[in-house]
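Please have the sequence and the structure open while reading.

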Amino acid sequence: MRDRKSSISDAEIDEIIGNLLRAGVIVSSLIVLVGGGLYLARHGTESPNYHIFWGEPSDLRKVLGILKFASSYSGRGIIQAGLLLLIATPVMRVAFTVISFTIQRDKVYIGVTLIVLAVLIFSLAGGG
Amino acid sequence: MTAGFLGALTGLGGGVVIVPLLTLVFGVDIRYAIGASLVSVIATSCGAAAAYVKEGFSNIRLGMFLEMATTFGAVFGAALAARISTHSIAVIFGFVLVYSAFLSTRHRASAAVTTEDTRHFLPDSLRLDAAYPGSAGPVSYHVHHIPTGFSLMFLAGGLSGLLGIGSGAVKVLAMDRAMQVPFKVSTTTSNFMIGVTAAASASVYLNRGYIDPGLSMPVMLGVVLGSLSGSWILMASGTRTLRIVFAVVILILGFEMIYNGITGRL
């Protein structure tokens, strides 16, 4: 009985996860595209130098800094926000898996998934 | 320059090609190149996974269990990348390229389906065994050698974090050969894991300031366009000739990376 119930919700969950991933890629690409357009319109003629490594300014490194930078309609900030969303997409997927294992009352895998989620959030928050 | 990127990437794709292309051809610093590559790896993985999950081949439990190894490995690898010199990264990258060129020319021996059910100490409580939809109803399978697979996954995660590649080859190797998971299950599950692993590495790179918007933008858009236009599938299921050409290109890039790393140009 339990198997049958979980197999139905498994299919539904797969459906939602598939849509979530596709939406994540499409929305983040669009954001990057908009930001890229702005960036090229303003700086398209400059020749960027990536041979020498400077590292990005702190506003383009931290989650809050990026969002702040993007809200000022900076092309680079908007691109970075799109990239952030893309990076967050698999994280959201893992978070969603926690919910699905909770529905299935699978304690072992709630634990396993929470560990993975914790590592992801830890590195996104800058602890890595 | 942007147009060049787009054209090249839609045709080639894959983190294994992006980093050497950016560093050797365009002279980009390898740390920026790895950051941009990780972003494209996530995009590819998520795009492909959206199609895969609906078919029911991927084993989420197995993926999530092994994900513990790959994410820790990825964070470790990304931390290591900040501590060792770019020359060493280039040399390691070169060796991985040479190795994957070697792997891709070898004909994949279809893993013999072992029917005997042995070894039952870890898998039971973890419920890793599952079934996938076959032509005649669900086909169930058994997961073997979990400790070996788990260690290989840590290595795969470490390489992903250090080099900015998906290390899908190592993941499939671990599941296909060591754990004896059916081929379709191991490829789709590894694709799912690649995205999560790359997200862990990319987060660390982002916080270090290795992900540059101006560079990542054309790379990411190029990869997304490429995967939408289907040249990816062409690449993955390509003919034998195409595969050999690809292997030769990777081999040359590998030696180039090693040479430039040793002489200190990268």
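Where in chain A is the place of A:D106? A:D106 sits in the loop that runs between helix 3 and helix 4 of chain A, where helices (H or I, at least four residues) and strands (E, at least two) are DSSP runs numbered from the N terminus. The model is predicted: local features need pLDDT of at least 70, side-chain atom pairs count only at pLDDT 80 or more, and totals for chains, interfaces and linings use all residues. Residues are numbered from 1 along each chain as its sequence is written, chains are lettered from A and ligands numbered from 1 in the order in which they are written, and side-chain values use heavy atoms, with hydrogens and water left out.

A:D106 has 5% relative accessibility and therefore counts as buried; buried means under 20% relative accessible area, exposed over 50% and partly exposed in between (1.4 Å probe, protein chains only). Its side chain forms a salt bridge with that of B:R61 at 2.7 Å, N to O. A salt bridge is a side-chain nitrogen of Lys or Arg within 4 Å of a carboxyl oxygen of Asp or Glu. The two side chains are also in polar contact, at 2.7 Å; a polar contact is a pair of N or O atoms within 3.5 Å, where within protein one must be able to donate a hydrogen and the other to accept it, and residues adjacent in sequence count only if both atoms are side-chain atoms. Both A:D106 and B:R61 are buried.

## The interface of chain A and chain B

Contact here means heavy atoms within 4.5 Å. By this rule, 56 residues of chain A are in contact with 51 residues of chain B. The area buried between the two chains is about 4,800 Å², and carbon and sulfur atoms give 71% of that area. Buried area is the accessible area (1.4 Å probe) that two parts lose on being put together, summed over both.

Across this interface there are two salt bridges, and six residue pairs are in polar contact, both residues being at pLDDT 80 or more. On the side of chain A that touches chain B, the elements giving two or more residues are helix 1 (2-43), helix 3 (75-103) and helix 4 (107-124) of chain A. Helix 1 of chain A gives the most, with 16 residues. By class, this side of chain A has 31 nonpolar, 15 polar and ten charged residues. Ala, Val, Leu, Ile, Met, Phe, Trp, Tyr, Cys and Pro count as nonpolar, Asp, Glu, Lys and Arg as charged, and the others, Gly among them, as polar.

## Chain A and its helix 4

Chain A has four helices and zero strands, in the pattern α-α-α-α along the sequence. Of its 128 residues, 44% count as buried. Among contacts in chain A between residues at least 6 apart in sequence, 58% join residues at least 24 apart.

Helix 4 of chain A has 18 residues, which at 1.5 Å a residue should span 26 Å, and its end C-alpha atoms are 26 Å apart, in agreement. The expected span is 1.5 Å times one less than the number of residues. Buried residues of this helix include A:Y109, A:V116, A:L120, A:S123 and A:L124. Just after helix 4 of chain A, A:G126 takes a positive phi of about 100°.

B:S203, in helix 9 (residues 183-208) of chain B, touches A:I87, A:L120, A:S123 and A:L124, not counting residues up to four places away in sequence. B:S203 is buried, with a relative accessible area of 0%.

## The other salt bridges

How many salt bridges does a search of the whole structure find over all chains? The search finds three. B:D212 forms one with A:R76, the closest N and O atoms being 3.4 Å apart. B:D212 lies in the loop between helix 9 and helix 10 (213-228) of chain B and A:R76 in helix 3 of chain A, so this pair joins two chains. B:D212 is buried at 4% relative accessible area, whereas A:R76 is partly exposed at 22%.

The side chains of B:D29 and B:R31 also meet in a salt bridge (3.1 Å, N to O). B:D29 lies in the loop between helix 2 (15-25) and helix 3 (30-53) of chain B, and its side chain reaches the backbone nitrogen of B:R31 at 2.8 Å. B:D29 is buried, with a relative accessible area of 10%, while B:R31 counts as partly exposed at 22% relative accessibility.
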